[in-house]
Every structure is written in structure tokens, then in C-alpha cells.
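User: Hi! Could you walk me through the backbone and strand pairing of this one? I'd like to check a few details before I set anything up.

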Amino acid sequence: MSIDPFANPVWNALQTTHQGLALTAGRACKYPQDVAPFAAVAENTPEALRELHSLLLPGESTHVVNEKPPEVAGLLSEGTFACLQMVFPLASALPETKPIEIAPLTCANAAAMVELTSIAFPGFFRSRTCLMGSYYGVWENGKLIAMGGERMIMNPWREISGVCTHPEHRGKGYAPRIMTQLRQNHRDAGRTSCLHVASANQTAIELYRRMGFSVLREIQVHRISRINSD
């Protein structure tokens with residue numbers, strides 16, 4: 001495995017800590033459609049992409065990172081966007097946050113989690129994304145108003161993801177409180193916190209910088225789908 005598992009996060013997560021979730025065909029692997037829209041190949045070749053094609057349902061879309069996938073019959077390229085990989089150094093001090101009560105979330109809360117994340121980034125959080133790691137949330141009057149957790153786990157790296165707050169409750173310190181809890185968990189376990197953020201999302205990037213994250217690299221994320229009619 002690569003010395004830096006975060007360089008190819010989907011592949012390394014599915015080959016190690018998330019192996020129990022992996023759907024695999026030869027040199028290709030992916031998360032189930034109801035877990036996460038991400039896939040990876042061992043090598044960026046037409047043969048590996050054809051194996052990935054066999055794992056996709058007709059009409060299903062997924063995302064692969066780094067190199068642009070070669071064109072193969074039955075797969076449609078639907079665009080590319082840039083993401084920054086950011087990391088929180090293990091030795092960095094954790095910032096003080098507001099004393100907000102947060103609660104662990106489980107898959108029993110999946111419907112509420114999907115409803116909330118669909119406001120911020122529709123389509124990326126699925127009904128079984130909750131299986132990927134630990135999640136925390138803030139509830140008010142029985143409604144989930146803020147949350148965050150872990151997505152790809154590539155020991156010793158742990159990705160913080162799904163961080164969002166309902167628009168009516170932003171600016172109250174919920175996201176920093178949740179992220180600090182996750183980073184504390186990672187530090188206690190000797191793990192390194194990391195995250196992905198769209199390169200165009202300057203507001204989020206500046207927020208993460210203020211929280212102590214630094215940019216590791218920029219990657220390209222490619223969306224592909226299996227054509228319905230093949």
C-alpha cells in the first residue's frame with residue numbers, strides 16, 4: 001500500500017478498513033450505491049474501466065479520483081471538478097469551541113442525516129453512508145440541525161466528511177464543535193484528520209485554514225456513469 005494512503009483514498013480505503021463494503025471485479029472496486037458514489041481502479045486502463053463498468057448498475061453514476069478515465073464503451077464521462085485535500089497535523093493544538101452538546105448518530109438516524117446533507121451536497125450522503133465511520137449531530141425539537149462524521153478511513157488517515165448545518169442554524173458554532181470532537185477522537189487513536197473540499201469553495205477553505213487545516217494537494221474528481229441502454 002502507498003506510504004501516503006490519502007494519495008489514492010478510495011482505493012486504499014476499499015482495500016483495507018472498508019474491505020467489507022467493497023464490491024470488486026478484477027482491478028476495479030467501488031462502494032455500494034447506497035453507501036457512497038465512489039470507485040477506484042488499480043490501474044487507469046481500458047481493461048480496468050471495463051471491470052468497473054461491470055460493477056455499476058445501468059444509469060448509476062460514480063466518482064473516481066486523480067487521472068481521467070479512458071473512454072470505454074458503455075461508460076459516459078459527466079465532467080470533472082477539482083478538490084483540495086487538507087490535513088490537520090497530529091501535533092497541532094485543537095482550538096477551543098463552544099460547549100455545545102452533541103450526540104452520536106447511528107444508522108437509525110439515516111433518514112434525518114440524508115435529509116440534512118441533501119441541503120448542502122445532494123446525492124453524496126446515502127442511506128448507508130452511516131456505515132463508513134463515526135458521526136455526531138446536534139438536535140433541536142426532534143430535528144437534526146447539524147452533523148458531521150467520517151467517510152473514507154485509510155489508516156492512519158481518517159477523512160472528516162458530511163459536515164453541515166441547516167441554513168436556519170448556521171453561525172452558532174455547531175460545525176467547529178463537531179469537527180473538534182472528531183479530531184480529538186483521531187488524536188486519541190493516533191490518527192491524522194483529513195478532508196476534501198471543492199477547490200472553488202473558497203469560503204469553506206478559509207474556514208478550514210482557520211481551524212488549523214493545511215492544503216496537502218489538489219486532485220481531480222471525475223464523474224462517470226454506466227449508460228442505461230447498454
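This is a predicted model: local features need pLDDT of at least 70, side-chain atom pairs count only at pLDDT 80 or more; totals for chains, interfaces and linings use all residues.

**Strand pairing and backbone details**

User: Which way do E9 and E10 pair, and over how many bridges?

Analyst: E9 and E10 are paired in the parallel sense, over three bridges.

User: What kind of unit do E9, helix H4 and E10 make?

Analyst: They make a right-handed β-α-β unit, with H4 covering residues 174-188.

User: OK, staying with E10: is the strand mostly covered or mostly open?

Analyst: Strand E10, residues 192-198, is mostly covered, with six of its seven residues buried.

User: And how do E5 and E10 pair, parallel or antiparallel?

Analyst: E5 and E10 pair in the antiparallel sense, and six bridges link them. One of the pairs there is Val-87 with Cys-194, its bridge partner in E10.

User: Nice. Switching to E7, how does that strand pair with E8?

Analyst: E7 and E8 are antiparallel, with six bridges. Tyr-136, for instance, has Gly-148 in E8 as its bridge partner.

User: How many bridges join E6 to E7?

Analyst: Three bridges join them, and strand E6 (residues 103-105) runs antiparallel to E7. Within that pairing, Ala-103 stands opposite Gly-137 in E7.

User: Back to the hairpin of E7 and E8: how many residues are between the strands?

Analyst: Two residues are between them, and in this hairpin Asn-141 takes a positive phi near 50°. Asn-141 is not a glycine, yet its phi is positive.

User: Is Asn-141 buried or exposed?

Analyst: Asn-141 has a relative accessible area of 79%, so it counts as exposed, the cut-off being over 50%.

User: How accessible is Asn-66?

Analyst: Its relative accessibility is 30%, so Asn-66 counts as partly exposed. That class lies between the under 20% limit for buried and the over 50% limit for exposed.

User: Last topic, peptide bonds. Where is there a cis one?

Analyst: A cis peptide bond joins Asn-155 and Pro-156, with omega about 10°. Pro-156 sits in the loop between strand E8 (143-154) and strand E9 (157-165).

User: Great, thanks, that covers my list!

Technical notes:
Residues are numbered from 1 along each chain as its sequence is written. Side-chain values use heavy atoms; hydrogens and water are left out. Helices (H or I, at least four residues) and strands (E, at least two) are DSSP runs, numbered from the N terminus. Buried means under 20% relative accessible area, exposed over 50%, partly exposed in between (1.4 Å probe, protein chains only). Two strands pair if DSSP finds at least two bridges between them. A crossover is right-handed if, with the strands pointing away from the viewer, the path from the first strand over the helix to the second runs clockwise.
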